[in-house]
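Could you walk me through this model in my viewer, one selection at a time? I would like to know what to click on next and what I will find there.

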Amino acid sequence: MTSAGCAIGLGNVWRFPYITGQYGGAAFVLFYLLFLIILGTPIMLTEFAVGRASGKSPTRSFNALEPENSKWHLFGYFALAGNYLLMMFYTTVAGWMLAYVLKSALGIFEGKNPEQLASVFTTMLSNPVEQTVWMLVVVLHGFSVCLRGLEKGVEKVSTIIMTSLLGLMIILVIRAVSLPGAAKGLYFYLRPDFSKMVENGIGEVIFAAMGQSFFTLSLGIGSLAIFGSYIGKEKALTGEVMHIISLDTFVALMAGFIIFPACFAFDVNPGQGPGLIFITLPNIFNSIPFGRIWGTIFFLFMSFAAMSTVIAVCENIIASTMELFGWNRKTAVFINTIGVAVLSLPCVLGFNVLSGLTIPGIGNIQDLEDFLVSNNLLPLGALLYLRFCTSRYGWGFKNFIEEVNTGNGIKFPVKLRFYVTWILPAIVLIIWAAGYIQKFF
């Protein structure tokens, strides 16, 4: 549940629905599921294998497994930096979700037209105090859970959050599919229409599906490797990874069952982009009976998805700094709480006080931080994990496959060695290069 919580986040419930809407619905989903299997599974296995074999955090795991006099351990520092960088903007967006839970519960959205609802969001962004408060709530909650330890804190709370998340999703799905006119949304979502791929460009749709399946699991910065170090040798890792990816996929698909029927029921374009969640959906909740309650439940569900990732990454940061500096858990929590809070301020201020600071071709501070993580650290980190686990100059495929297949359960096929060693790294490089092409050209 904890590992799934790390993988399941805003990429599933925020990005997946609107990008699916942009690229034609079911046809996009089919390619997404395909790439989730052929890309996500082996890359996640490399993180879990390195974590379990070393028994250490990503910062020190390479030290334990690398050949003598090699420099693979330097990547551990980049992995830790990637986790900090992810929290620098993820805590802000998670804060938006919590803010909208309260706004919806207080009825702030009721009686407002679309322009006024859009103003609620832009007003929140322009208020540095409000955003800072919500960001601090996220940071304090994430690290306070980790302060209780792995079993009593991270595992217990993550299990509660994930169970609640799945329960809330089922409630919202039932409500969404029962709306008048919801059948059109289900038709759009479930019936592949490959003509939509032609309209958007087949290559662009396939790349978008490839990118979404890759980034939704947050692979490449060791955020899952720490949980690999907590897995016992009695279970083969392939089955564990498949469980996590199945939960991740279930949450993403259920988010579609919530949003698409609602959008079509009220004649809303499902491909409107990130504003679909904060601007468009409150309009829908205003239009249905007990919309205030349904809206509150929806943003509570979004908050649970965000916080599950925050808690998992906080645990990764704490474990890494404990090993790196010899701190105990209390010291690591105290220092990192302050550190992450301070590091998150530029993102918060980038929407107001520092709004004039933009990077050509990228955007504001949040866009820059997201670009560094999503377009660079994740794909390049995944590439390094793949090469470390398959190259004779790293840990090597023999050691990797032995670790993956140790224990009971599904075994990873040895015959896929060529694919994991050469084809998969090439695909990851293509994703990385295509991200730059899309961004700047």
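## Stop one: a helix and its inner face

This is a predicted model, and the tour begins with helix α6, so select residues 114-126. At 1.5 Å a residue, these 13 residues should span 18 Å, and the end C-alpha atoms lie 19 Å apart, which agrees.

Now show the side chains of L117, V120, F121, M124 and L125, the buried residues of α6. Turn the view until you look down the axis of α6: the buried residues fall within an arc of 130°, so they line one face of the helix.

## Stop two: the largest pocket

Next, select R15, Y18, D370, S374 and N375, which lie nearest the centre of the largest pocket. About 1200 Å³ of space lies in this pocket, and 45 residues line it.

## Stop three: the enclosed space

Then bring up the helices around them: α8 (150-177), α13 (237-265), α14 (275-286) and α15 (291-325) each give two or more residues to the lining of the cavity. Switch to colouring by class again, and the cavity lining shows twelve nonpolar residues, no polar ones and one charged residue.

Finally, select C263 and C389. Are they buried or exposed? C263 is buried, with a relative accessible area of 0%, and C389 is likewise buried at 0%.

While you have cysteines on screen, here is a reminder: a disulfide is a covalent bond between the sulfur atoms of two cysteines. How many disulfides are there in this model? With a cut-off of 2.5 Å between the sulfur atoms, the count comes to zero.

Methods. Residues are numbered from 1 along each chain as its sequence is written. This is a predicted model: local features need pLDDT of at least 70, side-chain atom pairs count only at pLDDT 80 or more; totals for chains, interfaces and linings use all residues. Side-chain values use heavy atoms; hydrogens and water are left out. Buried means under 20% relative accessible area, exposed over 50%, partly exposed in between (1.4 Å probe, protein chains only). Helices (H or I, at least four residues) and strands (E, at least two) are DSSP runs, numbered from the N terminus. Ala, Val, Leu, Ile, Met, Phe, Trp, Tyr, Cys and Pro count as nonpolar, Asp, Glu, Lys and Arg as charged, and the others, Gly among them, as polar. On a 1 Å grid over the protein atoms alone, a cavity is a set of points where a 1.4 Å probe fits but cannot get out, and a pocket is an open set with protein on both sides within 12 Å along at least five of seven lines; lining residues have an atom within 4 Å of a point. Grid points are joined across faces, edges and corners, and a volume is the space filled by probe spheres set on the points. The expected span of a helix is 1.5 Å times one less than its number of residues. The arc is that of the directions from the helix axis to the C-beta atoms.
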